[in-house]
Each structure stands twice: as structure tokens, then as C-alpha cells.
Amino acid sequence: MIRTFFLIAWRNISKNKLFSLINIAGLGIGMACTIMILLWVQYERSWNKTQKNYDQIYQGFSTRNFNGELSTGSDLMFPLPKAAKENFPEVEGATLVSYGENTLFTTGDKKIKRPTITVTNDFFDVFTYDFIHGDASAIKESNGIVLTESTAKALFNNTDVIGKMIELNRYRTVTVRAVVKDMPASSTLLFDAIIPFNMSSEGVKQSLTDWVNCNNRTFYKVKQGTNIASLEQKLLTLIKKSSPAENPTTRGSLLLQPMSKWRLYEEFRNGKNTGGRIQYVNLFTWIAIIILIIACVNFMNLSTARSEKRAREVGIRKTLGSEKKQLLLQFLCESLLMSILAFILAGCLIYTSLPFFNGILNQQIAIPYQEPLFWTGIICIIILTGIIAGSYPAFYLSSLKPVKVLKGIFLPGKQALLPRRILVTAQFAVSIILISATLIIYQQIKHVQNRDLGYDTNNLIMVTANNDMGKNYEVIRNSLLQSGMIDAVNTTSLPVSDIFGFTSGVRWAGAPEDPNLIIGFLGTGENFADIMKARILDGRDFKQGDSNCVIFNKEAIRVMKLKNPVGTTISWAGRERRITGIIDDLIMTSPYALPIPLMLAYDPNWIGSLNIRIKKDVELQKALQLIESTYKKYNAEYPFEYTFADKAFNEKFANEKLIGSLAFIFASLAIFICCLGLFGLVSFSIERRTKEIGIRKILGASIQSLLTLMSKEFLLLVLISFSIAIPVAWWLMKSWLMNFSYRITISIGIFFIVGLITLLICLITVGLNAFKTATANPVKSLRTE
Amino acid sequence: MIQLKNIFKWINTGSNRVFILKDINLEIGEGDFVSIMGPSGSGKSTLLNIIGMLDEASEGQYLFNDTDVFSLKEKQRSQLYKENIGFVFQAYHLIDELTVYENIETPLLYHNIKQSERQAMVADILDRFNIVGKKDLFPSQLSGGQQQLVGIARAIVTKPKLLLADEPTGNLNSSQGEEIMELFRKLNEENGTTIIQVTHSEKNAAYGKRIIELLDGRVENK
């Protein structure tokens, strides 16, 4: 019997090609979206899961009060992990890990720069990796190093490289003691090599007893079932006991964040873990479900729209002895077949668009073909979709009375329209919310991109440099300037697009007793404002020989409450310094945040970045070649690395742009699916009114008036969904915008545009269908009665 | 076999109650061949539908082989229907998406008959009706008379005791009609199938052993 059900379903599908195409396309696109989003969600949730001690690993976070604002960071002091393990039996392992750095590897004449992490020698007590060669003892001594498979191949074309020597940063030589498999990209700790701290260096020796400065991350592996809250307290007490004096860390609080939360709950606000990426994961999980439901609703709409055709068959089957149950089963089989076909389409769509999707997300989501769970999930989606999509038409059709449907032409009643109207209204409400969200996200991004940064990022190249550069800086600068292609050159301690150091050590006469004043600082050479094209508000820019001079920005002066800042003396880092100028606020960190207080300190030898402003009309490629050759000539030992300031700045929008593109894609798809649904509803309604329209036409109605007649009720639906969706969209987007200090206010205009777009799309959809009926010969439609 | 006692059927349109059947009392025995006649709107089809359990009376009692049909639950009634009744329609009502063979096979599916048996039964009836060559055609490829033949074949393939026909020849020309009526007579005489047909045509009605005339929902003579 099932076989004949599928047979008749197949004949129905192939007989009504357009209808089936619309139906399967809608369902297939919906399914593809859902599966793709779920793949992404699954990927986000799978972060770090390759770690064997996944359930036992915690990262330490400290919440400190800076300038009256609670800020949470994972930076903690060097001796903490070791002391924690020695003092608390529930800590099975603990390690200190740097934030990651780019290290120059030299072997023979090969030079490459790779991201590395520097760790204490108990690192493998906490984290697990697959060793290809060597074992966890590799970093017990400071002169060992662990390479990943790909790094080993890059350096030696081989993974069997135990015992080979590598020079790090032209400064320290280590021996390869182990090679591990590359970790998946979905790991919080990403590195190409693990380097142990150099225990013989003075800096590290000092750190061993330094309980004040916090520069590294700490990780703990605790016993199963440990009371984390009490361990947090114990750690804080340990820090308080060990610190020589009160500082922001001892005054603050301590938090242990489980590994399962590292990726998705990375955001802290006012000392509380407020979520983060999980909000997007949850949001898109809901979007996935909603899109699938929209697609199913479509299926229901389109299927019941054709019920006149199928009603006769139901009647016949009932007179042939079919029970309601069997008819239900038949229609469910049919929708299941549709669902399977839709999945085949979805599979093709996913297969072709996954690289594109990965490109937008900048991630490597793969289809887990080998995963049985994946296939179970797929089968669940197919069956669920089939059942949800088929249930309403199945119940509706199978309950028809044979006497009624066999008597003559069966006209579905008005009451059958109501649930479909509600469904279409809901569909449109969702689409309108998505369209509004997309527009508002784009507006916000545009708004921030057009923000006055206080300096000019155009034609500004930042070349990575180090203190060695100081020796040849003058020569490099002069030869660049002589070329005529370069406007200006200067140095800063860090790239200007990046976060700089923060200090609480600025003191001045009459300073309020505010221990929480935190100011960002950046070391720079002369003519900083000039090359950055920043505005000096008072005083002057740095010039040569300005040692012991500083420049503050407007925000810094505001929080310091200085009356006549220029000429005032401050002390910082053990030296008296004079304020030579006030610069306008510079947006260097987050473009969404309010300006932060900033201090520029004159130090021409503190070089982390070479900033080069290229002349406006010079070809970039030529200028780059010149810079590279000059750089190589005078600084041959380091590879040439550069970024464009405007590009670096634009990268700060990556996350928001991603949300924007995703919202755009899903909004377009949702509205497309909705239009298919509307198309179905319109044809259903028109089918019901063919006779009425024929009569009206005979009575002299114009095509125009008929179109109005047929469109009216649908435009009403869209109007209703519009009035539901707008407040929701407004509220949702308002709370999204609250994430940014620098943001737009939502204007009424945007909703006006959304309304216009939706209306236009609907008119086209309805018009396509209604026009055919309105222009048809009424004799035909009436004769069939 | 069939006993109808004081059957009334009405529908409410607004505040008016329109009677379709008024106080029908009827007995039809096994092996009978009854023709129901009457003008349009006299209630013939409604009566046939009530006998065929597709419709319910508003009032009265219907005994089918001494079972009170109206007191049965939906499931029991459809079981009773399935086992005993076959239907033939004026508009044939074949399923367009199924071939002749599959159309005839469909009721057997609902009777849970095994595939090999089904094949035998369908082949047998195709042979009897001389339509073996048409078995893979779709209804739209057949003439009206052929479609009705398939309709009848489908109705009797399950060997029902009662065959109900609602103007079976209404859409056919006279020679096709005659062929169908001959077939009915043969079924009645050779197989002992009880037949009740609704018809406008005196000539076709005469094939029956008994004629019931309806007028405005009442039985005029038996």
C-alpha cells in the first residue's frame, strides 16, 4: 500500500510541475538554510571539544575597577597557577600561557614567522594534544620546543625532526622535542608552536615572585565535582595574601570560566559574564527553526490550495473503503516524498554554497559525512519537515465528506482560509522583522565607518618593526622620503590600529585620590599628530629631542580634571614629564566605543611599528615595493610585514558585517519563501473566486477593479503583519544597538522603506496571479460550474 | 438485507427546514435488483447515499443485515461498508493519477489482500470485462463507456453483496448504456449481487426486478 502511496505521490508531483517546483524549492531552500545554520551552530558549540579534559578545565578571570568601570580580563600573575596547584588539592594541574605572539623561526637560511604561545612547563598537565613524535616531557626544560605538524613541515619538510635546533627571534636557541598534530581551527588556544618560558632570562626570574603585574592567561584542571565558587574564593585569598600591597586585582573578584563557555560566553560587562557569541548562536538557531517553519507553512498553504483537485480523490477513496487513517498516511507519505526531494535540493544547495558561507563566516565548517549523529539529524529534519508540512493538509483533506466532494465541484469554505491567513501574516511579520534588522545593521555599520576617528587612515601603512630598527631608522626614513613617494614616516610602540598598554601610574600635583584612574599609553617619535593628521587642540606636536614630554588626548584631560594642562608636569614610569600638547580624541580601539583616555609619550627608541604615509597620487604597489626593498636592505633579519591602517580599521567591523550579511541572506530567503506562500494563498483564494470574478466581468467590471478586488485582502494581511512586526523589530534592534556606545538612533524612515519594499514585493506576487484570472474569458470560468 | 424504517432527511437553510426525504419505509432482500426513479430533486441520490452509508438520515432506523447502521461507530460502519458495498457513479470517479489496473486494485488494498491474490483478482476481472489490453492506460485515455466499465470492475472486484449505482449510464450513449445494464443483469443473476440503481431512464429501470418511484422525498409506489 505504501508503495502505491509513493507512486501516486510521484505522479502528482510530476504532473503539476510548476506547483511541485514552487513547493519543493520553498521547502528545499528552507531546509538548506536550516541545515547550514545548524551546522554553524554545531561548529560553534564544538569548540575545544577535542580536549580530553574538556569538563575539568577552567580559565581564571579577574574583575577590576578601572575609572569607575568594572572590567574583566583573563590576565593574571605569573606565580598564581603554580601556587594554586601546591596549595589546593582539588587543582590537579595549572599552567600559565601567554596571549600568543608572532615568533621568528630561523633554521639554516629558512626564516618564517609563526604564531606561538609561551607556556610554563606544566602546560600538558592541563591541555592534551596528539603527539606524533616525542611526548609531554618536551617542555620540561626551557630549551625545548613543541612544533605542530604543519610548522615542522614548513621548516624541515618533514615531521620527524626531534633534536633539530631552531633559533627564536634571533635571540634564543631551542631544540625540537616533540611534534603534535595540528589542532582544529575551533580551538581557543591556536598556535604553530609551544615555547616554554625561558627560565634563565632575568624577566622571567623576576616574574616568578611578582604577584602584582598580570600579563598572562592562567588555566586550571580541577578534580571532577570541585566546588568552583569556593575555589574562586580560595584563589582570591591566595592572591591577597601573596600580594605585597592592595591593587586592582586584590580589590576585585576572581572567576573561573569552564572550557565549555570560553567560545560562546566570552563577553563581560560590569563584571558579569553577559554571554557574547551565544546570543548570536541562539538567535540563529531560532532563525533556523523559524525559516523551516515558514517553509513548512508554505507547503501547507500550497497543498491545501490545491485541495479541490485532491478532494475528489479523497471522496473516491472513501467510497472504495479507505479509512481516514489510511488517507492520513497517504498524504503524509506524499509530503514525506516532497520532503525527501526537497532535501536532495537542499543537499545540492548546501554543497555548492558552503564554501561561500564559510567565506562570509571566515570559518572552516565542514559537512561531517562520517558522523552518524549528523545523518540522524538529517533524517529527523526530513521526517519532521514532512510531518509538520503534511499534517495540516492531511488532516484537512482526510476529513472531507465523500458525499459533499463527489456531488459536484467542491469549493473549500471560507473557514478553511482563516488558518492560512494567520500563517501568511505570521510569515510576513517574520520577514519584515528580518528586513528591518538588516537595514538597521547596515545603517549602524555605515554610521561607524563614517565616524570621525580623529586621524586619517588613508594611505597609511604600518610596518611591523622592533627596537633593532632604531639603529637604522634615520637611514630608512631618509631614503624613503628621498624617493618622493612618501609623505612622512614616524614610529610608534604599537600599531595605531591596535590596543595599546594601559597604566594606572600617572601622577600629578593635585591629583585626586583615585586609585582606579587608567590611561592608555603609546610611545611615539616626533611629528605624531602631523603624520596621523590628528588635530592638536592646544600646545604643540612632538619634535626631535622632546624627551620627557607627553601629549594627552581630550578625554584624558577630562578624566584627570586638569585646568591648564599644557606645561603641567606629571610623573609616570619613574620620570617627570611635561605636557606639551593636547590632541583631539583618537578612535584606536573599538570604533563602537566612546573615546578612551590616552597618553602619548615621546620615545623615538621605543619602536613596534613604522608608520608610513604614502603620497596621495602615488601607485600603492610601487610604494610598497620601495618600502619593502628599503626595509630589507637595512633590516634583513626580519621578514617584511605590513598592514594598511584603513584595512586594519575595517577589520574591526568583521563581526558586525558578518551579522549584517547573514541577516541579509536569511532575510532575502525568508521573504522569497514567504512570497511563494503568498502566491499559494492567492491562487487558492482566486480559485475559490473564479466564478465571482467571471460574473463581475460579465457585469462590466474593469481589469483594474478586479485586480484591486483580489489584491485588497492580501494587502490587508501585509498591513497587519507590518503593524505586528514593526514594534518587535524596533525593540529587538534597539536592544542590539545598546551593545554599542557609538550608535545610530532608529528612525521612522527605515520602517517606511521596509513597508514600501514589502508592499512592492507583495503587489508583484499577487499581481502575477490575479492578472491571469482578471484577463481570462469569463465564459470559460462560468461554463465549468 | 436492507430495512429502512421511517427515514427522514432534512437540511436547515436559515430558519427553514427543507425536507429531502419524508418517512421512507423500504425493505430490500438479498438478490434483489431495484431501480429508483423520480424527477430531479426527488431525493433519489440522497436515499442511495443513506443506503450506501455515505450519508446519515436525520431521523429513522436503518438495519443492514439486522445491524442498526446509525448506532454504529464510524469505524465499525466503515468496516461494514467495506465488506458489503460497492459504488458506481455517473461521473465514473476514477482516480486520474492511477492506471486502469491500479484503479481496480485500490479497493483491494483497503481490504488488506495480499499482493499475489490481488493480482489474480484484478486479472480475473479484467478478463471478464474484456479490458485486459487497457490495463496500463490512464482514465483520460479511455472513452466514457470504457471508464464506466472500469468503474464497475472496481466496484465489484471486492465481491460486495450490494452494488449501488447512481445513474451509471447518465453520461453514456444508449448502446454503451445497454452494455452496462446487461452487465448489471448478469451480475444480479449469475452472482446474486443485490443491486440498487438510480436512473432517469424507463428503459434502464426496466432491467430491475422492482421499481421504486420517488416524488418530493416520498415513495410513490413500490
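**View 1. Domains of chain A.** The centres of domain 1 and domain 2 of chain A, taken over C-alpha atoms, sit 49 Å apart. Chain A splits into domain 1 (1–46 + 272–410), domain 2 (57–262) and domain 3 (467–637), with bounds from an automatic or database domain assignment. This is a predicted model, where local features need pLDDT of at least 70 and side-chain atom pairs count only at pLDDT 80 or more, while totals for chains, interfaces and linings use all residues. Residues are numbered from 1 along each chain as its sequence is written, and chains are lettered from A and ligands numbered from 1 in the order in which they are written.

**View 2. Helices α15 and α18 of chain A.** Here α15 (residues 469–482) packs on α18 (residues 620–634) of chain A at about 155 degrees, axes 10 Å apart. Axes are lines fitted to C-alpha atoms, for helices over the stretch in contact, and angles run from 0 to 180 degrees between N-to-C directions; helices are DSSP runs (H or I, at least four residues), numbered from the N terminus. That makes α15(A) and α18(A) roughly antiparallel (over 145 degrees). On the α15(A) side, look for Asn472(A), Val475(A), Ile476(A), Ser479(A) and Leu480(A); α18(A) brings Ile627(A), Thr630(A), Tyr631(A) and Tyr634(A). Contact means C-beta atoms, placed from the backbone, within 7 Å.

**View 3. Chain A against chain B.** Each chain puts 18 residues into this contact. On the chain A side, α1 (2–15), α10 (307–319) and α13 (402–407) each give two or more residues, and α1(A) has the largest share, with five.

Definitions and conventions
Parallel < 35°, antiparallel > 145°, perpendicular 65-115°, else oblique. Contact = placed C-beta atoms within 7 Å.
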